[in-house]
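Okay, thanks for coming, everyone.

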Amino acid sequence: MTETYPPLLFVHGFPLDHEQWRPQLEHFTAWHCLAPDLRGVRGGDPPAAGYSMGVYADDLVAMLDVGGIRRAVCCGLSMGGYVLFELMRRHPERVAGLVLSDTKSEPDTPEGKAGRDALMQVAEREGAAAIVERLLPKLVGPTTRARRPHLVEAVRVMAARLEVPGLVGALRAMRERPDSGPLLEQVRVPTLVVCGSEDEITPAAGMRAMAQRIRGAEYVEVPEAGHLAPLERPEFVNRALEDFLLRASFR
Ligand code: MLT
């Protein structure tokens with residue numbers, strides 16, 4: 001299987017780390033999987049020119065180079081999707097396929113940018129735990145909150161251990177990200193678009209419309225899941241992803 005299928009590269013959302021993909025990493029054991037933490041998540045020096053989607057995308061390419069990997073099927077959730085759009089812009093030859101989960105191509109609105117500024121101040125003043133408390137109500141869907149409270153707790157723990165400078169850097173990178181709308185019609189690789197039916201951050205209607213702009217893209221809506229669909233309904237998302245991988249041609 002690893003001879004014929006490109007590796008799977010999983011890129012996490014905000015404010016999360018690679019653990020967000022644990023259910024996928026445990027399922028796709030026959031595939032070669034990579035799930036890095038984006039720069040700054042575990043501390044370290046900030047990039048010389050500041051955090052940006054370009055920095056994250058170039059880091060992914062450097063990681064693929066180290067592993068001798070020419071192309072990967074790239075799966076990104078939300079901010080992970082923003083990074084993949086930048087990867088497509090800069091290094092399209094490294095992308096064999098795309099899985100866009102709970103993300104969007106539009107840049108931040110002026111209100112969105114003001115919200116990022118406010119969150120940066122919260123992060124610097126009160127730390128990572130305060131950020132996640134503000135975001136949690138929208139990060140997971142109402143069904144997960146009611147029926148799977150252990151997952152809400154897992155997200156809280158995951159987010160609270162992130163390093164503040166990296167969090168602030170990610171907020172800045174998201175704030176400054178460009179409009180990726182014009183890229184959608186240019187995508188020429190097999191693409192799966194996944195969205196939780198209860199996603200309030202990147203709602204299903206917008207994701208369905210995004211899928212329609214990508215040639216041949218498949219769209220899957222995940223029932224009873226919010227913004228973190230692959231974590232909230234892993235069995236559903238894993239099946240959809242596996243079906244997609246087995247059907248698609250990554251030549
Ligand atoms: C994420 O899940 O990565 C964030 O919700 C993205 C965003 O804030 O735009």
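This is a predicted model: local features need pLDDT of at least 70, side-chain atom pairs count only at pLDDT 80 or more; totals for chains, interfaces and linings use all residues.

Residues are numbered from 1 along each chain as its sequence is written, and side-chain values use heavy atoms, with hydrogens and water left out.

Which residues are around it? You'll find G13, F14, S78, M79, Y82, R116, M174, I201 and H227 there; to be counted as near, a residue needs one of its heavy atoms within 4 Å of the molecule. That shell divides into 5 nonpolar, 3 polar and 1 charged. For the classes, Ala, Val, Leu, Ile, Met, Phe, Trp, Tyr, Cys and Pro count as nonpolar, Asp, Glu, Lys and Arg as charged, and the others, Gly among them, as polar.

Now the oxygens of the ligand. A backbone N or O atom of F14 is 2.7 Å from a ligand oxygen, and for a polar backbone atom of M79 the distance to a ligand oxygen is 2.9 Å. From the side chain of R116, an N or O atom lies 2.8 Å from an oxygen of the ligand. On its own the ligand has 270 Å² of accessible area, and the protein covers 91% of that; the areas come from the Shrake-Rupley method with a 1.4 Å probe, and for residues only the protein chains shown count as cover.

Which side chain does R116 meet in a polar contact of 2.7 Å? That's D108, and the side chain of D108 also has a polar contact of 2.6 Å with the side chain of R177. By polar contact I mean a pair of N or O atoms within 3.5 Å; within protein, one must be able to donate a hydrogen and the other to accept it, and residues adjacent in sequence count only if both atoms are side-chain atoms. D108 sits in the loop between β4 (95-101) and α4 (110-126); helices (H or I, at least four residues) and strands (E, at least two) are DSSP runs, numbered from the N terminus.

Is D108 buried or exposed? It's buried, at 11% relative accessible area. The cut-offs are under 20% for buried, over 50% for exposed, and partly exposed in between, with a 1.4 Å probe and protein chains only.

S105 is in the loop between β4 and α4 too, and S105 is buried at 5%.

The peptide bond from F14 to P15 is cis, with omega near -5°, and P15 belongs to the loop between β1 (8-11) and α1 (22-27). S78, back in the ligand shell, has a positive phi of about 50° without being a glycine. You'll see S78 in the loop between β3 (72-77) and α3 (79-90), buried at 7% relative accessible area.

E224 isn't a glycine either, and has a positive phi of about 55°. E224 is in the loop between β6 (218-222) and α11 (229-232), and counts as partly exposed at 31%.

That's my tour, so over to you.
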